[in-house]
Amino acid sequence: MSDSSSLEEHLTYLIASVSRQLEDELSEALRSNGIPVEQFRILNALHSADGRSMRDLGAAALIDPASLTKIIDRMVADALVTRGPAPNDRRKVLIFLTTKGRALHSKLKEIHRAQEENLINRLKSNKADQLGNILRQLI
């Protein structure tokens, strides 16, 4: 790509634009349940591996540490997650899903599944597989 190409032609811009669009779509779909995308990502990360450290959870949910603490505080207050000591190191705090958090995740995962299905349909299945493989190479 030449330096004179328009912003819309740059791969980094295209990837960021698609990411923003998908995040906005998911945010809109979750809004009726009163859950921000960041909280949904935390529920998802804990559903796949409950009892995560704050560092691991932040990395898995794509949330910076400064924001994560405030979000977890809110989720604890809403009884979606709890904090507890790590079994091997009581100084280390782990985050766990509560029964309420698991129930909410079960309800919301259908919203996420529908978004994923919609994206695959827009791309056609083989293109979605190709895109997934390409994006995994970049991570």
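Modeller: Buried residues make up 27% of the 139 residues in the chain. The model is a predicted one.

Colleague: How do you know which elements the chain contains, and in what order do they run?

Modeller: The secondary structure comes to 6 helices and 3 strands. A run of at least two residues in the E state counts as a strand, and β1, at residues 52–53, is listed as one. From the N terminus on, the order is α-α-β-α-α-β-β-α-α. The C-alpha trace spans about 55 × 30 × 25 Å along its principal axes.

Colleague: What makes Ser53 buried or exposed?

Modeller: The limit for a buried residue is a relative accessible area under 20%. Ser53 has 14%, and is therefore buried. Ser53 belongs to strand β1.

Colleague: What does the side chain of Ser53 reach, and at what distance?

Modeller: The side chain of Ser53 reaches the backbone nitrogen of Asp56 at 3.1 Å. A polar contact requires N or O atoms within 3.5 Å, and the distance of 3.1 Å lies within that limit. Apart from neighbours within four places in sequence, Ser53 is in contact with Lys92, Val93 and Leu94.

Colleague: What joins β2 to β3?

Modeller: β2 and β3 pair in the antiparallel sense over 5 bridges. Arg83 stands opposite Ile95 in β3.

Colleague: Why are β1 and β2 said to stand at the edges of the sheet?

Modeller: The open sheet has 3 strands in the order β1-β3-β2, with antiparallel pairing. β1 and β2 (81–85) each have a single partner strand, so one side of each is left without a neighbour in the sheet.

Colleague: Why are α2 and α4 called roughly perpendicular?

Modeller: The axes of α2 (residues 37–48) and α4 (residues 65–77) come within 11 Å and cross at roughly 80°. Angles of 65 to 115 degrees count as roughly perpendicular, and α2 and α4 are therefore described in that way. On the α2 side the contact involves Glu38, Gln39, Ile42 and Leu43, which meet Leu68, Ile71, Ile72, Arg74 and Met75 in α4. By class, this contact of α2 with α4 has 6 nonpolar, 1 polar and 2 charged residues.

Colleague: What makes the arrangement of α3 and α4 roughly perpendicular?

Modeller: The axes of α3 (residues 54–61) and α4 come within 10 Å and cross at roughly 100°. With the range set at 65 to 115 degrees, that makes α3 roughly perpendicular to α4. Met54, Leu57 and Gly58 of α3 make the contact with Leu68, Thr69 and Ile72 of α4. The residues of this contact of α3 with α4 divide into 4 nonpolar, 2 polar and no charged.

Colleague: What share of the contacts with a separation of 6 or more comes from residues 24 or more positions apart?

Modeller: Such residues account for 47% of those contacts in the chain.

How values were computed:
Residues are numbered from 1 along each chain as its sequence is written. This is a predicted model: local features need pLDDT of at least 70, side-chain atom pairs count only at pLDDT 80 or more; totals for chains, interfaces and linings use all residues. Side-chain values use heavy atoms; hydrogens and water are left out. Axes are lines fitted to C-alpha atoms, for helices over the stretch in contact, and angles run from 0 to 180 degrees between N-to-C directions. Helices (H or I, at least four residues) and strands (E, at least two) are DSSP runs, numbered from the N terminus. Angles under 35 degrees count as roughly parallel, over 145 as roughly antiparallel, 65 to 115 as roughly perpendicular and the rest as oblique. Contact means heavy atoms within 4.5 Å. Ala, Val, Leu, Ile, Met, Phe, Trp, Tyr, Cys and Pro count as nonpolar, Asp, Glu, Lys and Arg as charged, and the others, Gly among them, as polar. Buried means under 20% relative accessible area, exposed over 50%, partly exposed in between (1.4 Å probe, protein chains only). A polar contact is a pair of N or O atoms within 3.5 Å; within protein, one must be able to donate a hydrogen and the other to accept it, and residues adjacent in sequence count only if both atoms are side-chain atoms. Two strands pair if DSSP finds at least two bridges between them.
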